[in-house]
Amino acid sequence: MSLITLNISHNMLTSVDTIPLQIVYTIDLRSNLLQGSLAIPPNSTTFFFISYNYLSEEIPSDICNLTSLVMLDLARNNLRGEIPPCLGKITALQVLDMRHNNLSGNIPTTFSNGSSLSSLNLHGNKLEGKIPQSLANCKNLQLLDLGNNNLSGTFPVWLGALPDLLVLSLRSNKLHGPIRTSRIENMFPELRIIDLSYNAFSGNLPSSLFQHLKAMRTIDPSMGAPRYHGDTYNEDSITVATKGFYREIVRILYLYTVIDLSSNKFRGQIPSIMGDLIAVHIMNLSHNGLQGHIPSSFGDLSSFESLDLSGNQLSGEIPQQLASLTYLSFLNLSHNHLQGCIPQGPQFHTYESNSYEGNDGLRGFPISKSCGDARVLDTNDTLSGLDDEESNSDVQSDFWKGALMGYGSGLCIGLSIIYFMISTGKPIWLARIIIEMEHKIIMGRRKKQRRQRNYRRRNINHF
């Protein structure tokens, strides 16, 4: 008996000992209750989906008899043991998805020249050893997710030669050492997601790597989704940390541009060249040992939606240029050594105080300490400050400030304040107090006028 497609997914099947078909091209058994060992389909099978089940035995080496296999999806089972090395020799294989199992041992080193592999997802297993350099033979590789394993060694810089690599996730492993780049002329030209978080990478942030990353340096509205033979597989996914939460991105990886280098041992300053990566949506450099100032060039990252620099040793002021980032819906600068006034703008008005906690030198909205040299006006008004440089030639300005205060507090008090300011040489702290009081007077009058207008409107409507 022959059949083109057998689809019995999303049922309650508990076992499939054999698949009684001589010829079948697509078998879909996803989301059932299958247990025990993996049933081997006919050799003619090209698409085999059996994810989201409860399979718990080792993967039989007979799976390699399926030499025409294009897609093999074994994700989210309880499969154990090693990955059969012979899988790397199936040159027709485009998608190999074994994420979230209990697989152990090393990643096969048998990926050969001529491999068609486009997506390799081994996330969430117990794999160990080094990342095999034979993956450099997979010239069509677009997604490589080896996260949440026990892999060791240094950064696999040779992956930079893969011309189509879009997603690289090595998060939560035991990788270490500085990230060194090679002499490859055009490294990672298509890379849009790089996640190296929760490792032990050290040294300075890799400026030489950021100088490449062509896809992150340009915004391409025509960027399309990855395509596979037959267009039947659209389950590529990856988990990224964004806006303080972990989120699984499915099918739309090509729409996101992410840099996550958090929870490592990086030190030194943040390279200003990172401000050239204008296509980045999510950047997470938190929990490292970064020092120095936040680059003002970050103000050029107009696509920013989430920026996390928390848990470092950053100092200086928050760049005013960040206030122009209208899409920045999440900002975390907590637990650094930042100081000065928090920038004010439409987006900065939406951040809560926990975005800045652990920075004793910061002041201004929304934390409790006031920013003494900022005038908080209406939301649409711009900030204006006083010049800290004192000058003896501004007596006339002092007079009008005192007069304004006298207008609100009584002429005698105002004249006394004028005399005190002139005789003491214009103390800047007193001028700031006067401006704050002036603002309160003006705002009080505006509220009173609004109440009067509303009262008149209610009376008119009543009649």
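Predicted model: local features only at pLDDT ≥ 70, side-chain atom pairs only at ≥ 80, totals over all residues.
1. Ser152 sits opposite Lys174 of S15. Strands here are DSSP E runs of at least two residues, helices are H or I runs of at least four, and both are numbered from the N terminus.

2. Residues are numbered from 1 along each chain as its sequence is written, and side-chain values use heavy atoms, with hydrogens and water left out.

3. What else does S15 join? Strand S17 (residues 200-204) runs parallel to S15, with three bridges between them. On that side, His176 stands opposite Ala200 in S17.

4. Stepping back, the protein chain has 28 strands and five helices. Take contacts (heavy atoms within 4.5 Å) between residues at least 6 apart in sequence: 49% of them join residues at least 24 apart.

5. Of the 463 residues, 49% count as buried, with buried meaning under 20% relative accessible area, exposed over 50%, and partly exposed in between (1.4 Å probe, protein chains only). Ile23 lies in strand S2 (residues 23-28) and counts as partly exposed because its relative accessibility is 38%.

Conventions:
Pairing = 2+ DSSP bridges.
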